[in-house]
Structures are given as structure tokens and as C-alpha cells.
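This briefing goes through one predicted model. Look at the sequence and the structure before reading on.

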Amino acid sequence: MYTITDIVICGINGSNFKYCGENMDYEDILTELSTLLSPKRLQHSIGVSKTAVEMAERFGGDKVKAGLAGLLHDAAREVPIADLLPRAQAFGIVVSDIEKAQPILLHAPISAKLAEIKFGVRDAEILQAIFLHTTGSAHMSLLDKIIYLADVIEPSRNFEGLEEIREIAQRDLDKALLLALDQSIFYILEEGGLIHPVTIEARNDLLIKQRTLVLQTT
Ligand SMILES: [Fe+2]
Ligand SMILES: [Fe+2]
């Protein structure tokens with residue numbers, strides 16, 4: 001079961017601290033995060049963090065990295081829409097036409113930058129999981145999958161089909177992730193939105209691996 005001592009950070013001191021895996025200072029992170037996020041979004045982030053820790057425990061992932069990535073994944077989610085593109089460009093983030101048309105997608109790479117710069121996270125796996133949490137990608141790591149899925153199923157979420165994803169996430173991470181990606185793609189299609197190509201790549205990659213596994217076992 002998750003406790004705040006599962007989140008460990010060392011040397012928090014302005015922008016001069018680094019992730020090291022011991023000496024928890026969870027409260028400092030929450031205090032800093034509360035200057036960036038509304039109470040509702042902060043609750044969501046805590047929910048993602050807790051869910052990610054539980055999933056890491058279930059699937060043999062790193063609970064500390066999962067908890068921290070979950071907590072920080074939406075650090076830039078409340079940056080005003082008009083500021084996302086200039087902020088991304090200032091950080092040197094490569095911006096595609098899809099992201100120019102739907103700048104909200106940029107909150108993920110910008111959150112990864114904030115995790116690095118503002119919260120001192122130096123761990124590449126954590127930063128990548130935050131970076132990919134909205135779109136997914138082909139060849140996702142265990143941590144990438146956990147954060148993507150925890151964002152979808154954390155306790156405050158509520159949408160049709162969610163219970164099925166939650167139930168599958170109890171035993172089969174890839175199957176739950178595939179279903180979550182399908183749901184996301186269906187939703188975007190219904191809304192007439194743009195589907196990011198890496199989301200398609202994420203789904204294709206999982207399907208190919210799943211089918212290869214079936215072929216190997218038959
Ligand atoms: Fe997000
Ligand atoms: Fe989120």
C-alpha cells in the first residue's frame with residue numbers, strides 16, 4: 001500500500017536539488033506543486049501518484065520513480081493555452097504541426113521540463129514517462145506504461161468504459177493500456193480532433209507484440 005514515504009527526494013533547495021532515491025521530502029514537492037496547480041488538479045496528481053505506486057508494486061516497477069513521475073506528470077497542465085507554444089519553444093522542445101494545432105498536448109513535454117528544472121529531477125526514465133503521458137509512443141517502458149495508465153484510471157476519473165480498464169489493469173498492464181489507447185482514439189474521433197501519430201504507433205506496437213506473443217505460443 002502506498003505511503004508518502006514511498007516518494008523520496010533528496011536535497012530539495014530551490015532549483016538546486018536532485019532526485020536520488022532517499023530522504024523523502026514529499027511535502028515540499030506538494031507545496032511547490034500547489035503554486036502551479038488548482039486543488040482539483042493537485043488531487044488528480046496525487047491520485048495518479050498513488051495509482052502509479054500501486055501499479056509499480058503489482059508489475060515489478062520502481063515505486064519511487066512511479067510515485068514521483070505521477071506526482072509531477074501534470075506540472076504544466078495549467079499553463080495558459082496561449083503560453084504553451086512560446087514556453088515549449090523557449091525550452092527548445094521540438095513542436096510538430098499537431099501540437100501547434102492542439103497546444104494542450106505540449107503540457108506533457110513542458111511538465112517534463114518543469115520536473116527537471118523546477119523540481120530537480122535528473123532521472124531520464126521519470127522525465128520520459130512524464131513526456132509521453134498524453135500521447136504514449138511505440139516501445140514504451142514499464143514506467144511509461146504505468147504513468148499513462150495511472151493518469152487514465154486514478155480514483156477521481158469517471159467515464160464510460162473506465163471500470164473495464166481498471167479491472168484489466170489489476171492483472172494485465174499491456175491489455176489495459178491497449179484498451180485505454182483505443183478509448184482515447186475513439187474519443188478523439190468522436191470529437192473530430194487530431195490523432196497524434198505517436199498514439200497510433202503506441203497502439204500498433206502493442207498489437208504487434210501481442211500478436212507475436214500469440215503466434216509464439218500457438
Ligand atoms: Fe496531462
Ligand atoms: Fe493528468
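Leaving aside neighbours within four places in sequence, Ala-115 is in contact with Leu-72, Ala-75, Val-121, Ile-126, Leu-127 and Ile-130; contact means that the C-beta atoms, placed from the backbone, lie within 7 Å. The model is predicted, and local features need pLDDT of at least 70, side-chain atom pairs pLDDT 80 or more, while totals for chains, interfaces and linings use all residues. Residues are numbered from 1 along each chain as its sequence is written, with chains lettered from A and ligands numbered from 1 in the order in which they are written.

**Core**
- Ala-115 is among the residues with the most contacts inside the largest nonpolar core, which has 52 residues.
- Such a core is a set of buried Ala, Val, Leu, Ile, Met, Phe, Trp, Tyr and Cys residues joined through C-beta atoms within 7 Å, where buried means 20 or more other C-beta atoms within 10 Å of the residue's own.
- Of the 218 residues of the chain, 40% are buried.

**Helices**
- The chain has eleven helices and zero strands, which are DSSP runs (helices H or I, at least four residues; strands E, at least two) numbered from the N terminus.
- Helix H2 (residues 39–59) packs against helix H3 (residues 63–72) at about 160°, with the axes 7 Å apart.
- H2 and H3 are therefore roughly antiparallel, a term for angles over 145 degrees.
- Among the residues that meet are Ala-52 in H2 and Ala-69 in H3.

Terms used:
A residue is buried if 20 or more other C-beta atoms lie within 10 Å of its own, exposed if 12 or fewer, and partly exposed in between; C-beta atoms are placed from the backbone. Two residues are in contact if their C-beta atoms, placed from the backbone, lie within 7 Å. Axes are lines fitted to C-alpha atoms, for helices over the stretch in contact, and angles run from 0 to 180 degrees between N-to-C directions. Angles under 35 degrees count as roughly parallel, over 145 as roughly antiparallel, 65 to 115 as roughly perpendicular and the rest as oblique.
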